[in-house]
Amino acid sequence: MAQAAEHQYLPRTSLAGNKTDTLQENSITTDSIRTKELKKAAFSLVPSSYMLQYAGSIGLLSAGTGWDYGRRKQWSTDFLLGYVPKYDTDRAKLTLTLRQSYTPWEIKLNKQFTYHPLRTGAYLNTTLGKQFWYKEPDKYPNSYYRFSTRLRINIFLGQDFSYKIKSNSSYFEGLKFYYDLHTSDLYLVSGVQNKYLKFDDYIGLALGVKLQIRRK
């Protein structure tokens, strides 16, 4: 009777132990998955590129950082700080730009070079300074100025070429060279209303390079 009781007792202990071990393993696995998801979410907030641009109605020179995303990295959100020399004004100026880009197609030229035949999007640009305003000041007659002097809405079309760096240990994954033809809300309306304006009076050219960071 004692042996029978002992045999009945041992399997129950073994089963309870296996169940406890399984629960602990599942808990560890769940915690590991959550940790990876949190790391992935936090990593997505880190910029994936740096850029330098010449012209573009956001300054003579501008620099910034951006986030590339999408299944083929076809979407890009960029934030840039621009510098405008004083030219014939009393001081130089700074601008801030938020840009959204989309490159729907790509053509692989070889293992390192990729060509994007269409680069398009829009961006908002603001010029810093007390002399610029979003809303028309009271000193002007109503609707005297129909556009804000501080905020510009821009659209653009262009193309780019990407070069992938061979080294897997490099901090940068590749370089992207691009150009954009752009216009703003103010220039576009002026071009439509004033037939004497030439094409280059309301269409501008921007040149830029993006340094793409290797995402490990």
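Reader: A cavity is a set of points on a 1 Å grid over the protein atoms alone where a 1.4 Å probe fits but cannot get out, with lining residues having an atom within 4 Å of a point. How many cavities of 30 Å³ or more does a search of the whole structure find?

Author: Two. This is a predicted model, where local features need pLDDT of at least 70 and side-chain atom pairs count only at 80 or more, while totals for chains, interfaces and linings use all residues. Numbering starts from 1 along each chain as its sequence is written, and side-chain values use heavy atoms, leaving out hydrogens and water.

Reader: Start with the second largest cavity. What lines it?

Author: The residues lining the second largest cavity are Q53, G56, R99, Y123, F156, D180, H182 and A206. By class, three are nonpolar, three polar and two charged, with Gly counted as polar. The space in this cavity is about 40 Å³, taken as what probe spheres set on the points fill.

Reader: And how much space lies in the largest cavity?

Author: About 70 Å³. Its lining consists of D68, K73, Q74, W75, S76, S101, Y102, T103, R119, K176 and K210. Five of the lining residues are charged, four polar and two nonpolar.

Reader: Which strands supply at least two residues of that lining?

Author: Strand 3 (75-84) and strand 4 (93-102) each do; strands are DSSP runs of E, at least two residues long, numbered from the N terminus.

Reader: Different topic. Which residues make up the largest nonpolar core?

Author: M51, I58, L80, Y123 and F156, five residues in all. The members of such a core are buried (under 20% relative accessible area, 1.4 Å probe) and joined through side-chain atoms within 4.5 Å. Y123 and F156 are also among the residues lining the second largest cavity.

Reader: What does M51 touch?

Author: Leaving out residues up to four places away in sequence, M51 touches S62, A63, G64, T65, G66, D78, L80, R99, V209 and K210. Contact means heavy atoms within 4.5 Å.

Reader: Now S162. Buried or exposed?

Author: S162 counts as buried because its relative accessibility is 10%. The residue sits in strand 7 (residues 151-164). Beyond four places in sequence, S162 touches Q112, F113, T114, H116, L175 and K176.

Reader: How many bridges join strand 6 to strand 7?

Author: Twelve, with strand 6 (residues 113-127) running antiparallel to strand 7; pairing takes at least two DSSP bridges. Across that pairing, N125 is opposite R152.

Reader: And strand 7 with strand 8?

Author: Also antiparallel, over eleven bridges, strand 8 being residues 172-184. There, N154 has S184 as its bridge partner.

Conventions: Buried means under 20% relative accessible area, exposed over 50%, partly exposed in between (1.4 Å probe, protein chains only). Helices (H or I, at least four residues) and strands (E, at least two) are DSSP runs, numbered from the N terminus. On a 1 Å grid over the protein atoms alone, a cavity is a set of points where a 1.4 Å probe fits but cannot get out, and a pocket is an open set with protein on both sides within 12 Å along at least five of seven lines; lining residues have an atom within 4 Å of a point.
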